[in-house]
Amino acid sequence: MAADLEWPFGELPGLEADDIRETAYEMFFMSCRSSPGFGGRSALMFHSSMWNEPQPESTSSRTKGVGMAPSSRVKRTLGLKMLNRTPSKKMASGAVSSPCPQGVAARPKRPLTSAELMRQQMRVTEQSDNWLRKTLTRTHLGHIGKRAETIILPLELLRHLKPSEFNDSKEYHAWQKRQLKILEAGLILHPSIPLETPNAFAARLKEIIQAGETKILDIGENSDTMRSLSNSVVSLSWRSANGTPTDVCHWADGFPLNIHLYVTLLKSIFDIRDETLVLDEVDELLELMKKTWSILGINRPIHNLCLTWVFFQQYVSTMQLEPGLLFASHAMLAELANDAKKQDRDALFIQVLSLVLTSIRGWSKKRLGNYHDYFEDGRMNLMENLLPFAVTVASIGGDDVMLSRVTEQAQGDAVTDPTVDLMDGYIRSSVKNAFWKMAERGCQECEMDTRQDESERLIRLAKETKDLALKERGTFSPVLRKCHPVATSVAAITLHSCYGLILKQHLTSASVLDNEILTVLESAGKLEKVLAQLVVEDTVECEDGGKMIVREMIPYEVESTMSRLQKQWIEGRLKKGKDCLQGATESEKWNPKSKAKPYGESAEDLIKFTKETMDDFFAIRMEITEDLVHDLVNSLGSLFQDYAAFVASCGSKQNFIPVLPPLTRCRRYSKFAKLCRKVTPCKVGIEDSRGCRTSKADHPHPSMSRGTQHLYIRLNTMHYLLAYLHSLDEMLSLSRIGSLGQKHFGDKKYHNDCASYFQNACSAIREACQHVSEVAAHCLIFVDSNHIFYNSLYIGEVASARIRPTLRTLKQNLSLLCMILIDQARPLAMREVMKATFDAYLMVLLAGGNSRIFYRSDHRMIEEDFECLKRSFCVSGEGLMSEDVVEKEAETVEMVIALMSQPTDKLIQDISVMMRKMDENGAEDMRKKQFVPPTTEQWSRSDPNTILRVLCHRNDQVANRFLKRTFQIERDDRKEGLPILCY
């Protein structure tokens, strides 16, 4: 018997198969002792097709005897083929050509009796048969007319067979132990009527059996052991369930002993020369076996059940070579189905039926649930034969099994065909097993070949899964479709689900987006399309168009997964970029490596990272959409914006502008003081300061500090980034043209404006450039150049402190500035320096403090100085500043100079008019409090504070009286030689 077909009837400890076989034959022979051939007067003769020589068909001996019926009714009913062949054909077609069993006559010359045929089929020796005949003869003489079910055969054999009748004591001891073990199994271990506890007869019988394990028992007719044995066996055999007298002894009708014995008898119907064939004499043999029913407690339903099992077991044990055996078992299932529906089923039948069906179901499920392994390579006929058999088995007494999945899938009034549901389970199970074996084989190959990575394994698995699906449709589905209308769809959906699990695990563990991941997703997408097409083609004829089964196919969502991984990739790069940016900015010193690279090293790091990101992005073989490009650009743009904010964090220009000194009236110099300055100039105060400036003016040099130079390096860095963003935009456009094609470029603006992709980043950088330029310019003019500008220009008198020395230093600063700045940064930087210079010049004229005194006649010299100052930005700037730009920025200064040229009376009149207008607008209370026009620093002709400051710095008696009388402005009496705002 095949090892994977479970024996359903349990085991009998201490009894081997040969023991069961010999006991079954003894019981069979005893039951048939009155039948012809078993001791009756006329023996039934069988002209055995195995052993007899060929006889002419006209021989009269072939026309006599029960076994020579022209055909078998059992075979016709079960669809088994007849043998009816000559001995030569019999020998030629046998599955195994083995020597005759021991004790079997080689070629008897006469026809075989039914007893001889049965002895040969059950492989019983002539010696054992002779012992049995002698015993039955003796028993028969002592019990004339006694029924077989009243004879305890093992006990009778022990009584009448003597040790002398055996070859040796060892043989006799083995025979004796077998008989005792049979009694133990039938009366103690597996009695048909449960034993009460305690039972003295059972205990005594156990003692005798245990004693016989090690030595031969003396069971002579007059021995105490024999009397005790007989007493115990008879008492136990003749019990009844309710204690009433019975006419049947129970020594072999307990389960599973009775089934073991009867199944062993049934196996004798198979040809011992070719076990795939059933003897033509099966009808007669089965009729004789029926005589054992009363001894074994067998009835027709149990007989049908055992015969079903025997056919199926023989089919399995003979390697499934003869489909007729399976068909015969299938035909017997119809009888079983009818027996199972009867109301008067006995307990033994229900118990044995459950055991048999469970075993057959397990074997069938193992194969049909893994049909890819069991039914390949030309074995599809076996699967085709087994499918209807398995369906029938599942339908007998297994409604709960058949309908379990139906209950789970039931929705509303939906009803699932049990057969379809059963096949559905087989398909899903086999396909899953085939898939996971395939996946496991791929894992093992991947472990052996270290060059293979997980992505390659999944790509290969997708191809193998596709091949498996196509093989399923071409090989197995045509067979399965007979029991399941959409077998291909179920297999395709199962494969789709299995591959989806592995794909999900792989994508969950994937940390980066690369070509391998994309190839895996592409392979998964192709596989999904193939499987979906198989489902569509298979469900064309379904009433709902296959909608119900398609709902089980959860999409891989390849496109959304790609999009998600792409966004994860971008987010990962953004995080890496921020870390890179943080490290670069923390170590930034704003010291350029060389003149060829006059910008910060941190900018190089940022650009290097951006280039790597863009190269990696376009190296991935994926479909790049407009939205995806902008997602990447926005992420990179945020890095540039953060960097621009870092560069612009250099303070404010207001930090470098001096605080305006308080307004005071100009202190006039006396004629005597003027004369003294001409004769004996002061060595300490103003003259000393101008003397120092004159000495420095002879050898001018730039006054730009290292800090200011670093600010201009920042400005270079910003313009360097702007230039890179422009080239990056072009590279991005060209790369997209190559990867996407012209169809994705409908908007022309994305190719012409450098800020098309990095608009926000460019705006942030330009704002940073403006801010840094302003701060650097104010630092250069108000801090670095303060000693030669605000603290020295026009100190004392205009004529003695003209602008020429200041211009020399300014030109040196501008030349150095042009050397530091790159070409793109110069225009903005020069313009901001010019604006800061003009603002400082205005402060000299309007907020120069008490050290500066202007006469109306000084305006001509001031005009000349300012013209020189303007020309400095057109010449020293190498023509980068146009005259129109310079003139426009100079308008405010020229307006103030024009005010300085006006008469004092005109200025007083103008400011008075302005004050009256303010008074009319509701400033009466302010006028009463000597309100001074507020400083707005928006210098203009219409600003009263501007005119007021011109009057404060004018060395004029009328202006002095007006300021004192109208605004109560005090005169600064500090010594004139002490300059203010010295640095």
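Predicted model: local features only at pLDDT ≥ 70, side-chain atom pairs only at ≥ 80, totals over all residues.

Analyst: Residues are numbered from 1 along each chain as its sequence is written, and side-chain values use heavy atoms, with hydrogens and water left out.

User: Why is the pair Arg-367 and Asp-4 called a salt bridge?

Analyst: The term requires a side-chain nitrogen of Lys or Arg within 4 Å of a carboxyl oxygen of Asp or Glu. The N to O distance between the side chains of Arg-367 and Asp-4 is 2.2 Å, so the pair meets that definition. This pair links distant parts of the chain, 363 residues apart, with Arg-367 in helix H15 (residues 347–368) and Asp-4 in the segment before helix H1 (17–31); helices here are DSSP runs of H or I with at least four residues, numbered from the N terminus.

User: What makes Arg-367 buried or exposed, and what is the label for Asp-4?

Analyst: Buried means under 20% relative accessible area, exposed over 50%, and partly exposed in between, with a 1.4 Å probe and protein chains only. Arg-367 has 6% relative accessibility and therefore counts as buried, whereas Asp-4, at 26%, counts as partly exposed.

User: How do you know that Glu-275 and Arg-123 form a salt bridge?

Analyst: Their side chains meet at 3.9 Å, N to O, which is within the cut-off, so the label applies. The two residues are 152 residues apart, Glu-275 in the loop between helix H10 (257–266) and helix H11 (282–289), and Arg-123 in the loop between helix H4 (114–121) and helix H5 (126–142). Glu-275 is partly exposed because its relative accessible area is 37%, and Arg-123 is partly exposed at 38%.

User: Where do Glu-156 and Arg-159 lie, and why is Glu-156 called buried?

Analyst: Both lie in helix H6 (residues 153–160), three residues apart, about one turn of the helix, and their side chains meet in a salt bridge of 3.2 Å, N to O. Glu-156 has a relative accessible area of 7% and is therefore buried, whereas Arg-159, at 32%, counts as partly exposed.

User: How many salt bridges does the rule give?

Analyst: The count comes to 39 salt bridges. Glu-867, Lys-870, Glu-887 and Glu-894 are linked in a network of them.
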